[in-house]
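Have the model open while you read, and click along as we go.

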2 protein chains.
Amino acid sequence: MNGAAPAASDIIHGAFVRLNALAPLDQTAMSALNAAVARARTVSARTEFQTEGEVAPRVTLILNGWAARTRVMEDGRRQIINFLLPGDLIFTQAADQLAVANLTAVTDLVICDGPDPDVSPSLAAAYTTSRYIEKSFLYGQVSRLGRLTAQERVADVLLELLERHEMAGLAQAGKFAIPVTQEMLADAVGLTPVHVNRVLQSARQAGMLTWKGGMIELHGWSTLRRKCGHQRLRASSFYRGDRSSHSNGHERAESPTP
Amino acid sequence: MNGAAPAASDIIHGAFVRLNALAPLDQTAMSALNAAVARARTVSARTEFQTEGEVAPRVTLILNGWAARTRVMEDGRRQIINFLLPGDLIFTQAADQLAVANLTAVTDLVICDGPDPDVSPSLAAAYTTSRYIEKSFLYGQVSRLGRLTAQERVADVLLELLERHEMAGLAQAGKFAIPVTQEMLADAVGLTPVHVNRVLQSARQAGMLTWKGGMIELHGWSTLRRKCGHQRLRASSFYRGDRSSHSNGHERAESPTP
DNA sequence: CGTTCTATTGAAAGACCTCAACCAGGGTGG
DNA sequence: CCACCCTGGTTGAGGTCTTTCAATAGAACG
């Protein structure tokens, strides 16, 4: 009992912070959640706990650890669709439909069934917000893969992960635990591990980040956002004015911060 | 009156076929739909009808034409997240939340509000299936951008579009109307227009497709699927039924085609 | 019929990948 | 306690794929 083993409530703290950030949870929601947590189960690292094509449970809540939603091709190429962090919810549209991707534990994982949203409007609201945010990040992933350079992609995922950890109170001052290998990161951003390594090296040398012992720290990340396409993915019109300067709409013009 | 102007019921026929494929619609659903169609509105080609960051309507149904969900970066780079075809539904999580992408009409578009799913269980089922399928295709888009080569990406989107047109009865023998420019296609698959052109040229010369006058025909597309990573990326069946040949569709085994 | 958009093609540059070797740390077994 | 192995990170060299730049042709449009 020297403090090495945190209490259960500590382990799931991030998940609760995150859920509460989605929508302030009332007493009913909290007790439903606690009941669900009491039936939590664990998945050991690197284990696939849902396979594409199999029947999936309705709602699953990540209590602790990282998971990854993936697709794998016959020839072995693998794509990580997105990462799932504490407080993230995994929804299935209908009970009789098949999973459209695999779910793999990145770390040892603690998960439970998501409580029935009907028990509390605040819980239903949290679920709704969760879906909404996930959709937005998914669109971000598409844009990242489709239109960002390698450097930008890496910076952009890392910023997304920081953002999400902040939501769960799991980051302080741009620093959070990142339990993925460079190979996994590569599968997430559509690059090879070798090239991810090079990108990270140059980012390190540019003083943009520190990554050591499973902890990453992003330096000057508010500047990073501006430079590396994270915040840039916002609105603007499609066909209106902005076809003037750039004839086809995607040169890599680096707008040097004035 | 030489037949150039089809009746309204013809125009929206594809959308109805598609909806009915999602879930067989009962009489109540059909009359709710007809009521919604009566209040249809049009959007002219190349017009943005929803902007990221603005308040979005709850459910919108595409009755005719193509639309595109996009994100645009400050420097003009543009990514088409996905295409929206007749019978596709555009959902918003909650009325008070902001759109997370732009919606632009690719062609002249006929849309209407989606009827309240509470009026008919069959309609609700159709909505659910729609969300489910869209999610699967979205994961497909991520995998496409992240892990396919240029040739494969182009073949893969075209196969997806064919598949979706078939669902709406809008394709015959691998042939359907494709009202996009090569530039749009490039924005969808994360390539430059120039390279899309080259890929199309070589596909033409390989006898894989014919694209002329807004109509495309994919030749030997069942072979194409095997060769270009289409089938590999997704569970082909939505429900339990046809899981005969492929056990789960993604072992990591390296099976080099002999 | 000019104007504008779209498709097409060539040449050269650049980004990213592949292959391959080497290193560092951590666990394991002798 | 140390040699060994295995995984994951690092680095170099060379090749391939995709982009960029640029110029031309065809089609659509008013």
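How far does a polar side-chain atom of Arg204(A) lie from a phosphate oxygen of DNA strand D?

1. The gap is 3.1 Å, from a polar side-chain atom of Arg204(A) to a phosphate oxygen of DNA strand D. That makes a polar contact, meaning a pair of N or O atoms within 3.5 Å; within protein, one must be able to donate a hydrogen and the other to accept it, and residues adjacent in sequence count only if both atoms are side-chain atoms.

2. Some ground rules before we go on. This is a predicted model, where local features need pLDDT of at least 70 and side-chain atom pairs count only at pLDDT 80 or more, while totals for chains, interfaces and linings use all residues. Residues are numbered from 1 along each chain as its sequence is written, chains are lettered from A and ligands numbered from 1 in the order in which they are written, and side-chain values use heavy atoms, with hydrogens and water left out.

3. Staying with DNA strand D, there are two further polar contacts to find. The side chain of Gln201(A) has an N or O atom 3.2 Å from a sugar or linking oxygen of DNA strand D. From the other chain, a polar backbone atom of Ala150(B) is 2.9 Å from a phosphate oxygen of DNA strand D. The elements giving two or more residues to this surface are helix H7 (193-205) of chain A and helix H7 (193-205) of chain B; helices are DSSP runs of H or I with at least four residues, numbered from the N terminus.

4. DNA strand D has 18 residues around it, and the closest include Gln182(A) and Arg198(B); a residue is near a strand if one of its heavy atoms lies within 4 Å of it. H7(A) supplies the largest share of that surface, five residues. Of the atoms of DNA strand D within 4 Å of the protein, 68% belong to sugar or phosphate and the rest to bases.

5. What about DNA strand C? It has 16 residues around it, with Ala150(A), Arg46(B), Gln182(B), Asn197(B) and Arg198(B) nearest. Sugar and phosphate make up 72% of the atoms of DNA strand C that come within 4 Å of the protein. Here H7(B) gives the largest share of the surface, five residues.

6. A polar side-chain atom of Asn197(B) sits 2.7 Å from a phosphate oxygen, and a backbone N or O atom of Ala150(A) is 2.9 Å from a phosphate oxygen. Arg198(A) has a polar side-chain atom 3.1 Å from a base oxygen.

7. Next, two helices in chain B. Helix H5 (residues 150-167) of chain B packs against H7(B) at about 75°, with axes 10 Å apart; axes are lines fitted to C-alpha atoms, for helices over the stretch in contact, and angles run from 0 to 180 degrees between N-to-C directions. H5(B) and H7(B) are therefore roughly perpendicular. On the H5(B) side, Ala150(B), Gln151(B) and Val154(B) make the contact, which means heavy atoms within 4.5 Å.

8. Last, chain A. Helix H4 (residues 121-147) and helix H5 (residues 150-167) of chain A pack at about 165°, with their axes 9 Å apart. H4(A) and H5(A) are therefore roughly antiparallel; the cut-offs are under 35 degrees for roughly parallel, over 145 for roughly antiparallel, 65 to 115 for roughly perpendicular, and oblique for the rest. Among the residues that meet are Phe137(A) in H4(A) and Val157(A) in H5(A).
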